[in-house]
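Visitor: Could you walk me through how the helices sit against each other here? I'll ask as I go.

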Amino acid sequence: MEPGALRETQLDRDLVERVQRGDSSAFDVLVKKYQHRVIGLVGRYVHDWSECQDVAQEVFMRAYRALGNFRGDAQFSTWLHRIAVNTAKNHLVAQNRRPPTDDIDVMDAEQYDMSLRLRDTDTPEHELLRQEIETTVMAAVNRLPSELREAITLREVEGLSYEEIAERMGCPIGTVRSRIFRAREAIDTQLKPLREPTNPRERDR
């Protein structure tokens, strides 16, 4: 595992241990860190935005209740990912809707600096733009060739290192890096129109 990924894993482990010792504020940190990933993933199953928000909230409630039994056998992000998928599927079943037969992965929208900038703004306009960004990312991931989609998902969603992805996909590390770069480039191209100001006065600033 690369140093950056190792630090993230250790940070998550430390936060989980704090929650298990009764520090609920540590869970708030985890929610803020993963809320966009969870919403993006749930949104692949539940397409109505307000409904998606409710299901995402349920994901974190279930995670909080189950965290006492978390032993670190898997990364926290992978554990939370499974809860999100199961919660979304259960929601569809409860609504008499058929869930997908295959689990769906989604690119984490948090890697985009625009998403990060919008995180602290709560105006209706920014909320609408945030929704549009997440929808655009999900659609862009869907359009990727399978090998690019798998590589970016393993990296951004499952948090695997380049070495682990190379082993999983049966290809050289250089190929993995190339696929992830191309996937990010394709997704970034789809996001560019959202980054460009539409107001002429904003454009001239």
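Visitor: What is the handedness of the crossing of H2 and H3?

Guide: The crossing of H2 and H3 is right-handed, where right-handed means that the near helix is turned clockwise from the far one by less than a right angle, and left-handed anticlockwise. This is a predicted model, in which local features need pLDDT of at least 70 and side-chain atom pairs count only at pLDDT 80 or more, while totals for chains, interfaces and linings use all residues. Residues are numbered from 1 along each chain as its sequence is written, and side-chain values use heavy atoms, with hydrogens and water left out.

Visitor: And at what angle do H2 and H3 pack?

Guide: H2 and H3 pack at about 140°, and their axes are 9 Å apart; the axes are lines fitted to C-alpha atoms, for helices over the stretch in contact, and angles run from 0 to 180 degrees between N-to-C directions. That makes H2 oblique to H3, since angles under 35 degrees count as roughly parallel, over 145 as roughly antiparallel, 65 to 115 as roughly perpendicular and the rest as oblique.

Visitor: Which residues make the contact of H2 and H3?

Guide: On the H2 side they include Phe 27, Val 31, Val 38, Ile 39 and Val 42, and on the H3 side Trp 49, Cys 52, Ala 56, Val 59 and Phe 60 are among them, with contact meaning heavy atoms within 4.5 Å. By class, the contact of H2 with H3 has 14 nonpolar residues, 4 polar and no charged ones, where Ala, Val, Leu, Ile, Met, Phe, Trp, Tyr, Cys and Pro count as nonpolar, Asp, Glu, Lys and Arg as charged, and the others, Gly among them, as polar.

Visitor: Ala 56, then: buried or exposed?

Guide: Ala 56, which is found in helix H3, is buried, with a relative accessible area of 4%; buried means under 20% relative accessible area, exposed over 50%, and partly exposed in between, using a 1.4 Å probe and protein chains only. Leaving aside residues up to four places away in sequence, Ala 56 touches Val 38, Ile 39 and Val 42. From Ala 56 to Ile 39 is 5.7 Å, C-alpha to C-alpha, although they are 17 residues apart in sequence.

Visitor: What covers the buried residues of H3?

Guide: The cover includes helix H2 (24–43) and helix H4 (76–94), and the residues of H3 that are buried are Glu 51, Cys 52, Val 55, Ala 56, Val 59, Phe 60 and Ala 63.

Visitor: How do H2 and H4 cross?

Guide: Their axes come within 10 Å and cross at roughly 40°, so H2 and H4 are oblique to each other. The contact of H2 with H4 includes Leu 30, Arg 37 and Leu 41 of H2, together with Phe 76, Leu 80 and His 81 of H4, and its residues divide into 9 nonpolar, 2 polar and 1 charged.

Visitor: Changing topic, where does Glu 134 lie?

Guide: Glu 134 lies in helix H6 (residues 124–143), and at 3% relative accessibility Glu 134 counts as buried. Glu 134 is 94 residues from Gly 40 in sequence, yet their C-alpha atoms are 6.2 Å apart.

Visitor: Last one: how many helices and strands are in the chain?

Guide: The chain has 10 helices and 0 strands, where helices (H or I, at least four residues) and strands (E, at least two) are DSSP runs, numbered from the N terminus. Buried residues make up 45% of its 205 residues.
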